[in-house]
Amino acid sequence: MNAEKQDYKVVVKNLTKYFGDLHVLDNISFNIRKGEFLCVVGPTGCGKTTFLNLLTRIYTPTKGDLYIDGKPADPKKHNLAFVFQEPSAMPWLTVEQNLRFGLEIKKLSKKEIDERVNEIISLLGLEPFRKAYPHQLSVSTAQRIIIGRAFAMNPDLLLMDEPYGQMDIKLRFYLEDEVIRLWKKLGSTVVFITHNIEEAVYLAERILILTNKPTTIKEEVIVDLPRPRDVTSPEFVEIRKHVTEQIKWW
Amino acid sequence: MAQNTKTRSNQNNERIALIQKQRKRTQVQNTMLAASGILGFILIWQIAAVSGLVNSRYIAKPLEIVNLFIVKLTDPNPDGAVLGVNVMSSLAVSLSGFGLAVLIGVPLGLFMGWYRGFDSFMRPIFEIIRPIPPVSWIPLTIVWLGIGLKAKAIIVFFAAFVPCLINSYTGIKQTSEVLINVAKTCGASNFTIFRKVGIPSAMTLTFAGIKVAIGNAWATLVAAEMLAASSGLGYMILMGRQFGRVDLVILGIVVIGAIGLVISKLIDMLENKVLGWKKL
């Protein structure tokens, strides 16, 4: 049991959150393994974003707590990275400066920052845009900067909140593959929130299905399909149907 | 993949080049329009004055103004100082008052907008000072500081300070919550977020405030000089009135306008440096 516990990157214990009288999260407990790719799906407005904001301490929980490596989550101590739903590149910084942003806050050495930023730039093919500002780029490229900025942190835990919510299907496939590539290469632990079930089945090793408010975990679905996954294969379709049923159930 | 990126990079460069070309064209057009606007205005003025449409007691001809400008460069009559001295004395007052307003108003606004406690502490004082017309400080400052540079600079300061503070306050208040959260999740302290996210976000509005401030500074300067001074452009205008010299009054106005334009352009240049990313 103890050895197993060591492997958990994130432990969520009896997490409960009220906003005034509004009961958003109800006594949620689960664990995330180190290096796991976890997708969280649930109906709109079920508190997915609240959950992420609790992890990063933008909100504090009403009851219960979240532990990263056995210690209460704290962005000052832990190396977290967050990809928000909305465009969140700093508009006054170039692509390169945006990638450096988090690393400079963490006060890494210049050499280390240079190395990491160059690696991400070449991994994401951003070299031609190094000196460009976000508003000069297409929406998808701007979003890639944000994903790059998150991975550049070498995060203990990478949180993604519907990062592809506003993109068309082609870009989405392209960026989903990109995230998988980065995740495999850098070995980060990823929590990916989405309302797109196909996306969840395509990406996840494990899917958490949430209920409506007050939110609890309805079911955990293990997805052990080989990668790259084929969205038309019968196994894929079956898992997708199952998850859809579970969300629809109430 | 590499080729793909290369084509995309080329496309992007082409796009940027195209936009810059188009922008240059509109820029040339705008300059031409602006120049012909001014020329047209002067022409109508000259025609109105020469044709006797307007009584020459009320308005001087543009050519007379140019003439007087040249004369005033070396002749201290009738107000007691050559144009250069008047300009320098006005510049000294307006720039020291305005500079002080920017140096104090902008940081104060930024801090008030960011730190709630500081805001609650400062806001009542500021709200009391804000509606007081700057000119109403004139009698007090004369009693305290006489009619020298310091007194007038203080009055100019009051006029320029308010827009500097309000705009940087509003600007930093509008910092995007998402960008703050980005820095927060990176583990940044509140002060780091203030420095790295808040201040850059506030710059657009801050510069708008600074431009309003320089306008206010000049407006108040002339009023201050009209009441208590021994040289300066406002003083020159006042003397022009007393001696019934319309041309002197108009020369003062034109010079103030021209200096205002130059200073605005200087502020624009600084703005381009700080906010250049917006204009690429």
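Colleague: Why does A:Lys77 count as partly exposed?
Modeller: A:Lys77 has 13 C-beta neighbours inside 10 Å. A residue is buried with 20 or more other C-beta atoms within 10 Å of its own, exposed with 12 or fewer, and partly exposed in between, with C-beta atoms placed from the backbone. The count of 13 falls in between, so A:Lys77 is partly exposed. The residue lies in the loop between strand S5 (71-72) and strand S6 (80-83) of chain A. Its C-alpha atom is 9.7 Å from that of A:Lys106, which is 29 residues apart from A:Lys77 along the chain.

Colleague: What kind of model is this, and how are residues and chains labelled?
Modeller: This is a predicted model, in which local features need pLDDT of at least 70 and side-chain atom pairs count only at pLDDT 80 or more, while totals for chains, interfaces and linings use all residues. Residues are numbered from 1 along each chain as its sequence is written, and chains are lettered from A and ligands numbered from 1 in the order in which they are written.

Colleague: How do you know how confident the predictor is in chain A?
Modeller: From pLDDT, the predictor's confidence in each residue, from 0 to 100. Chain A has a mean of 84, with 97% of its residues at 70 or more. Within chain A, confidence is lowest in helix H1 (residues 2-6), at a mean of 47, and highest in helix H3 (residues 95-105), at 91. Chain B averages 87, and 96% of its residues score at least 70. For the complex, the predictor gives an ipTM of 0.81 and a pTM of 0.79.

Colleague: What makes H5(B) and H6(B) roughly antiparallel?
Modeller: Helix H5 (residues 138-145) and helix H6 (residues 149-173) of chain B pack at an angle of about 150 degrees, with axes 9 Å apart. Angles under 35 degrees count as roughly parallel, over 145 as roughly antiparallel, 65 to 115 as roughly perpendicular and the rest as oblique. H5(B) and H6(B) are therefore roughly antiparallel. In their contact, B:Ile138, B:Thr141, B:Ile142 and B:Leu145 of H5(B) meet B:Lys150, B:Ala151, B:Ile154 and B:Ile155 of H6(B). Those residues divide into six nonpolar, one polar and one charged. Here Ala, Val, Leu, Ile, Met, Phe, Trp, Tyr, Cys and Pro count as nonpolar, Asp, Glu, Lys and Arg as charged, and the others, Gly among them, as polar.

Colleague: What makes H5(A) roughly parallel to H6(A)?
Modeller: H5(A) and helix H6 (residues 169-186) of chain A pack at about 15 degrees, with axes 12 Å apart. That angle makes H5(A) roughly parallel to H6(A). Among the residues that meet are A:Ile147 and A:Phe151 in H5(A), and A:Leu175 and A:Val179 in H6(A). By class, this contact has seven nonpolar, two polar and one charged residues.

Colleague: How many residues of chain A and of chain B does the contact take?
Modeller: The contact takes 22 residues from chain A and 20 from chain B. Two residues are in contact if their C-beta atoms, placed from the backbone, lie within 7 Å. On the side of chain B that touches chain A, the elements giving two or more residues are H1, helix H7 (177-185) and helix H8 (190-227). H7(B) supplies the largest share of that side, seven residues. The side as a whole divides into eleven nonpolar, seven polar and two charged residues.

Colleague: Why is A:Asn27 partly exposed?
Modeller: A:Asn27 has 14 other C-beta atoms within 10 Å, which makes this residue partly exposed. It is found in strand S2 (residues 22-33) of chain A, and its phi is positive, about 50 degrees, although it is not a glycine. Most residues other than glycine have a negative phi, and most peptide bonds are trans.

Colleague: Where is the peptide bond that is cis?
Modeller: The bond runs from A:Arg227 to A:Pro228, with omega near -5 degrees. A:Pro228 lies in the loop between strand S10 (217-222) and helix H8 (234-248) of chain A.

Key:
Axes are lines fitted to C-alpha atoms, for helices over the stretch in contact, and angles run from 0 to 180 degrees between N-to-C directions. Helices (H or I, at least four residues) and strands (E, at least two) are DSSP runs, numbered from the N terminus.
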